[in-house]
Structure formats: structure tokens, C-alpha cells
Amino acid sequence: MSIRFKELKGETWEYPSSVMCFIDGQLLGSEQELLKWAYDKWNYQDFKPVALYQAITEDFYTKHMQNSKHMFVYLDIAIQEQPTGTLLFELYSDMCPKTCENFRSLCTGEAGTSRSGLELTYKESVFHRLVKNGWIQGGDITTGRGDSGESIYGPTFEDENFSIPHNKKGILGMANKGRHSNGSQFYITLQPTPYMDKKYVAFGYVYYRYIILKCLKKNTPGFLRYHCPRLRFISERHSTELTAQGWRV
């Protein structure tokens, strides 16, 4: 197990393969190790093309997202200006529709500009804060320093509800400066943070979070920059491309 997993500051782990195979609840390894096990035990060889498995995966994942009745959006991430990966978010639009629409619109940039002339988009904004054992924060589309931001509804909007708990890693929520002060800044939890319940509006989950593990390797505020091209529903790319990315968690 220690060979397959890489510890990141003792807080989480990174797995080197896109596929994890288990036998009777025990981790075997990647798909190649599964095929080797099947050959050694049953003399089985797999002749099906990789493209077939990819198509099956994309079909399953697309149906799963459609059946969830939730919104899915993504942000492409770059570290020190080098494209690194993708954050895929599942937005709980059935529970926090207004908050989710704010985040979705800032991802797409479709809201245009505010009355003050600010471009309402996350494109080219940065993650400005990392709290060890807590969360990573970004979304200040005004200054990038964490002291500002703006929503698609105006400078701020009210707390919608506190129905989603901060009970695991990857919870997506709105950063604020007190009650009813939500703008564009958001955070992603790096572990359960129950002390944030009833204080911050959680409204989604990081469905594809490999990039967060990479982010943890550095601890300087502003070391990340995330790029979000204009997109339709999930992205301007074909949905099958995105679902394939999402499957490679």
C-alpha cells in the first residue's frame, strides 16, 4: 500500500493511476495489475480496445450526471501559468438554486459586466488563501487579494440556507464577511469542518479533485491561477470529453 500511495503532509493521499481495482475489499492496484492477476489466476487475456471501455465509461458517467438533477461546472487550473488539471464541481441546485446560479454564471462568464464595469467571471482569478487542515479559498474577481469580490446579483446577496453540512473533504461553499455578505469568493474544504456549519453557505462538492492534492504541495498564497473558458452547461468542449476527465478521479 505504501508503494501505491504518496503521502501529502500526512493529510491526504495521491494515487498514481486513474483506476483503482479491489478484490474482496483489498486494493489490488491499477487496471494493469488486475489484468496480470486475471492472467495468472485464470489465464484470461483482454483483447477489447481501450476506446470501448472509454465509451462505456463516458456513457455511464453522462447518465449519472443527468440523473442527479444537479448542475455540473468546471474550472481549468494552472499552477505558475502551467495548465495542470480540472476541478469538476457538482452544484446542489435543488437545495441552493440562487447560490448555485451565481457560481455557475461566474464560471461561464455569461453574466457579462456589473453596473460598476467589473467583468463577472472567474477567468484569470486566483486562489489567494490556503488554511492548513482547513480549506483553500479563491474567487476574488475584483482585486485577487481576498478583500473584495462581487456576485451576479450585485455587490453581495443573502445567505440562502445552511442545509448542507461541512462533513467531508471537497465541500464547496461561499466565503463571507458575516451574515448575508456573499459575493464571488468561495472555498473548498480540505477535511471535515463542522465549525463552518450555520456560518457559511455550502452549495456543492468537488466531484473531480485531483488538482487539490497537487495544490497542497505548496503553501504560498497566490501560487495558483485558475482559468475558466466560456462554457455551455459543462463546457464548450464536447460533454464526452469532460465526462472522461471526470471519470479519471
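Contact, as used in this tour, means heavy atoms within 4.5 Å. This is a predicted model, in which local features need pLDDT of at least 70, side-chain atom pairs count only at pLDDT 80 or more, and totals for chains, interfaces and linings use all residues. Residues are numbered from 1 along each chain as its sequence is written, and side-chain values use heavy atoms, with hydrogens and water left out.

Select Ser114 to begin. Setting aside residues up to four places away in sequence, Ser114 touches Leu120 and Glu150. Its loop runs between helix H3 (97-108) and strand E7 (126-131); helices (H or I, at least four residues) and strands (E, at least two) are DSSP runs, numbered from the N terminus. Ser114 has a relative accessible area of 12% and is therefore buried (under 20% relative accessible area; exposed is over 50%, partly exposed in between; 1.4 Å probe, protein chains only).

Next, display the side chains of Ser114 and Ser116, which make a polar contact at 2.8 Å. Such a contact is a pair of N or O atoms within 3.5 Å; within protein, one must be able to donate a hydrogen and the other to accept it, and residues adjacent in sequence count only if both atoms are side-chain atoms.

Now move to E7 and E8, which pair in the antiparallel sense over 4 bridges; pairing requires that DSSP find at least two bridges between two strands. The two form a hairpin with 3 residues between them, and Asn133 in the turn has a positive phi of about 60°. Select Val131, which stands opposite Trp135 in E8.

Finally, follow E8 (residues 135-138): Trp135 and Gln137 point one way, Ile136 and Gly138 the other, and all are buried. E8 also pairs with strand E10 (residues 186-189), antiparallel over 4 bridges, where Thr189 stands opposite Trp135.
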